Amino acid sequence: MGLPLLGQTGRPLVFPGKRSMLVHNDFPEDLEAPTESLDSFLTPVERFFVRQHLPRPRVDVGQWRLSVEGMVSRPLTLTLDELLKLPQHKLPATLECAGNGRGYFRPSIPGLQWTKGAVGTAEWGGVRVAELLQRAGMDGKALYASFDGADVGAGQTPDFVRSVPMRKCLDADTMIALTMNGKPLPEIHGAPARLIVPGWDGASWVKWVTRVTVAAEADKGFYFATAYKYPKLPVAPGGAARPEDMEVIEAMPVKSMFTSPGGGTAANPARMRMGRVPLAGFAWGGENRIARVEVSTDGGARWLDATLGKEDFRFAWRQWRMEWTPPGAGYFTLCVRATDSAGRTQPIEAAWNPSGYLWNSIERIAAVVEG
Ligand SMILES: Nc1nc2c(c(=O)[nH]1)N[C@H]1C(S)=C(S)[C@@H](COP(=O)(O)O)O[C@H]1N2
Ligand SMILES: [Mo]
């Protein structure tokens, strides 16, 4: 989509630890991974997308504290060292922005024009939220925990606070992560601590967390009460939905992508030589495992099962592969679609919605085989 690559915008761009990302915004940083760089089960930090609404806060880890307050009998204030001494949990999980793919909706929708790379998978390590709530003596009548990060509202942009319903907070895989791919969480991904809400929209994964507030109600601020909502009834493309018909996005839908070949639009098809062509990519299904991935090399007329990768975790994407020998030179439309363990599969065309969330159309890319 003609975005500048890191370092190609004519001025020095310094994004700590990042390499060759598509730059949607440089301040605050919104960076997307080129699809062909997402070729490993765990996404290296240097290729992991970045999304933030507000300028990245400066966090002094010595001064930083995590408080657990609200409907609790023993409010907690923990240092990073204290958190590191609590039982640690580890989990590979896929993180995707609800707006990933917004750039493909027609009519187009204002907001970041993400293509396919606002997604990645890391191994997250840290302390279970349930462990913290239990230590704090949570009131059994609480229905939500709200998570606030060290970033603060700026200008017209309000503070970023997100609530998570108690049933998901108490899930053994919901955690405050202190590590990403085995190393301390990088600053740009929320150091020293961020929330991991496996299978759910990235907006819930609050970075630079400083405060957990246990409550009977959800937060009433913009980022929970208004943003990141999806219409419960279908909306005609370009239409509107009544606010009372909007629901908070929780678990993500089923989706798949190609990482090999990368790119591949009709105007700029992926190019390859005759012979054996490795096709590969990922499929993921929110809170569900991937049951099946099918690939078509003729625009969807005939589908064949892809081979699924050995890494099979409930909340992480599943790699798929297929070797293709093109029947001859020419132009091909390559497609991939996934089905998850709940039997959900991808639509031909993702439902248009006013904020452009949850784009998960059957993936279609263009390839030219040279004779
Ligand atoms: N404190 C804070 N946390 C945040 C955000 C933010 O703006 N502020 N953005 C959220 C959104 S919308 C997404 S998609 C993920 C992106 O996480 P990443 O930058 O580590 O990839 O962070 C989430 N956590
Ligand atoms: Mo997001």
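In this predicted model, Lys 116 and Glu 363 pair through their side chains in a salt bridge, with an N to O distance of 3.2 Å. The two residues lie 247 residues apart and connect distant parts of the chain: Lys 116 belongs to the loop between β6 (89-96) and β7 (119-128), and Glu 363 to strand β24 (residues 363-370). Lys 116 has a relative accessible area of 13% and is buried. Glu 363 is buried too, at 2%.

Another salt bridge joins the side chains of Arg 337 and Glu 294, at 3.0 Å from N to O. This pair also links distant parts of the chain, with Arg 337 in strand β23 (residues 330-340) and Glu 294 in strand β19 (residues 290-296), 43 residues apart. Arg 337 is partly exposed, with 22% relative accessibility, whereas Glu 294 is buried at 8%.

Lys 310 and Glu 311 form a salt bridge as well, their closest N and O atoms lying 3.9 Å apart. Here Glu 311 is partly exposed at 26% relative accessibility, and Lys 310 is exposed at 76%. Elsewhere, Arg 292, Glu 294, Asp 305 and Arg 337 belong to one network, joined by salt bridges that share partners.

| Salt bridge | N to O distance |
|---|---|
| Lys 116 and Glu 363 | 3.2 Å |
| Arg 337 and Glu 294 | 3.0 Å |
| Lys 310 and Glu 311 | 3.9 Å |

How many salt bridges does the count give? The count comes to 22 salt bridges.

Technical notes. Residues numbered from 1 in each chain as written. Chains lettered and ligands numbered in written order. Predicted model: local features only at pLDDT ≥ 70, side-chain atom pairs only at ≥ 80, totals over all residues. Heavy atoms only, no water. Salt bridge = Lys/Arg side-chain N within 4 Å of Asp/Glu carboxyl O. Helix = DSSP H or I, 4+ residues; strand = E, 2+ residues; numbered from the N terminus. Buried < 20%, exposed > 50% of the residue type's maximum accessible area, 1.4 Å probe, protein only.
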